[in-house]
Amino acid sequence: MAKFQINRRKFLTSASLGLSGIALSGCDAFDSGLGIGGGLRSFLENANGLTYRAQRLLAGRDALAQEFTEADIRQPQRPNGVTAPDDDTYKGLLANNFADWRLEVSGLVEKPLSLTREQLQNMPSRTQITRHDCVEGWSCIAKWTGTPLSLVLDQAVVKPQARYVMFHCLDTIDRSLSGDVKYYGTIDLIDARHPQTILAYGVNGKPLPVENGAPLRVRVERQLGYKMPKYLYKIELVDSFAAIGGGRGGYWEDNGYDWYGGI
């Protein structure tokens with residue numbers, strides 16, 4: 001069984017990395033929407049769906065990502081991407097040790113929420129030692145502690161028409177003439193309610209540091225690192241993400257990455 005899990009993980013990671021590489025290397029043709037570009041877009045969309053279906057087929061809805069022991073933790077959790085948001089709102093919250101920070105839960109819910117970090121920490125927690133796999137090709141094992149996302153969704157009472165959980169973040173990932181682009185991402189409700197999907201406020205027995213996403217980041221252990229947004233401030237329940245950003249469900253997905261990002 002262990003061998004099967006390792007092989008499945010390698011297969012799905014390779015598939016996701018390969019598709020992302022194709023998207024980025026062919027970005028000009030992809031964006032053109034004409035001729036070969038239109039064919040590439042269609043190919044990627046079909047391949048992304050294949051990765052998603054393969055993950056569901058091989059792993060199942062409730063299969064757990066491999067968990068490790070503390071002896072397997074060899075280094076601090078490696079930072080990546082934005083590690084110190086240069087955003088006035090974030091810097092103001094940080095200066096007050098996030099006392100004024102709130103996690104907003106809105107969209108297709110019966111009971112919108114506004115939770116403090118203390119309220120989240122007072123909810124039942126889960127601690128898990130898992131491996132973070134980055135699309136850049138590196139991995140790192142760390143111990144994460146946080147609130148199961150399913151508990152927050154239950155408290156908000158998700159409406160039946162909701163299909164996706166959208167994460168809105170405080171860090172600017174891109175700046176352009178049209179304005180700052182804040183990082184965002186989405187997962188479906190199956191992964192949102194997975195027992196290992198947590199809103200992490202601690203890593204390796206300590207409060208989550210800024211470079212790893214303080215005050216709160218998402219852990220979705222069966223997916224690649226770009227599917228685990230940092231600097232979280234809002235969760236929105238939606239029935240579609242077609243009209244948001246580039247319409248592909250996340251910042252990196254808008255730039256050619258696989259939406260599912262499964263491993």
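At 6% relative accessibility, D87 counts as buried (buried means under 20% relative accessible area, exposed over 50% and partly exposed in between, with a 1.4 Å probe and protein chains only). The model is predicted, so that local features need pLDDT of at least 70 and side-chain atom pairs count only at pLDDT 80 or more, whereas totals for chains, interfaces and linings use all residues. Residues are numbered from 1 along each chain as its sequence is written, and side-chain values use heavy atoms, with hydrogens and water left out.

D87 forms a salt bridge with K182, the closest N and O atoms being 2.4 Å apart; a salt bridge is a side-chain nitrogen of Lys or Arg within 4 Å of a carboxyl oxygen of Asp or Glu. This pair links distant parts of the chain, with D87 in the loop between helix 3 and helix 4 and K182 in strand 6, 95 residues apart. Helices (H or I, at least four residues) and strands (E, at least two) are DSSP runs, numbered from the N terminus. In contrast to buried D87, K182 is partly exposed, with a relative accessible area of 37%. The count of salt bridges comes to 10. Another of them joins the side chains of E253 and K227 at 2.8 Å, N to O, connecting helix 8 with the loop between strand 9 (217-219) and strand 10. Both partners are buried: E253 has a relative accessibility of 3%, and K227 a relative accessible area of 3%.

The side chains of R126 and E67 also meet in a salt bridge (2.7 Å, N to O). R126 lies in strand 3 and E67 in the loop between helix 3 (35-59) and helix 4 (88-95), so the pair ties together parts that are 59 residues apart in sequence. R126 is partly exposed at 23%, as is E67 at 35%. Within the strands, R126 has G146 of strand 4 as its bridge partner, and G146 is in turn partnered with A200 in strand 7. Strand 4 (residues 139-148) runs antiparallel to strand 3 (residues 126-133), with 8 bridges, and antiparallel to strand 7 (residues 198-203), with 5 bridges; two strands pair if DSSP finds at least two bridges between them. Strands 3 and 4 form a hairpin with 5 residues between them, and G137 in the turn has a positive phi of about 110°.

An open sheet of 5 strands has the order 2-1-10-5-6, with mixed pairing. Its edge strands, strand 2 (113-115) and strand 6, each pair on one side only. Strand 1 (residues 103-107) and strand 2 are antiparallel over 3 bridges, and V105 has L113 as its bridge partner in strand 2. Y233 is found in strand 10 (residues 232-238) and is partly exposed, with a relative accessible area of 29%.

The whole structure holds 10 aromatic pairs (rings of Phe, Tyr and Trp, the last by its six-membered ring, pair if their centres lie within 6.5 Å; planes under 30 degrees apart count as stacked, over 60 as edge-to-face and the rest as tilted). Y183 and Y251 form a tilted pair, 6.2 Å centre to centre with 45° between the planes. Y183 lies in strand 6 (residues 179-188) and Y251 in helix 8 (residues 251-254), so the pair ties together parts that are 68 residues apart in sequence. Y183 is buried at 8%, and Y251 is buried at 11%.
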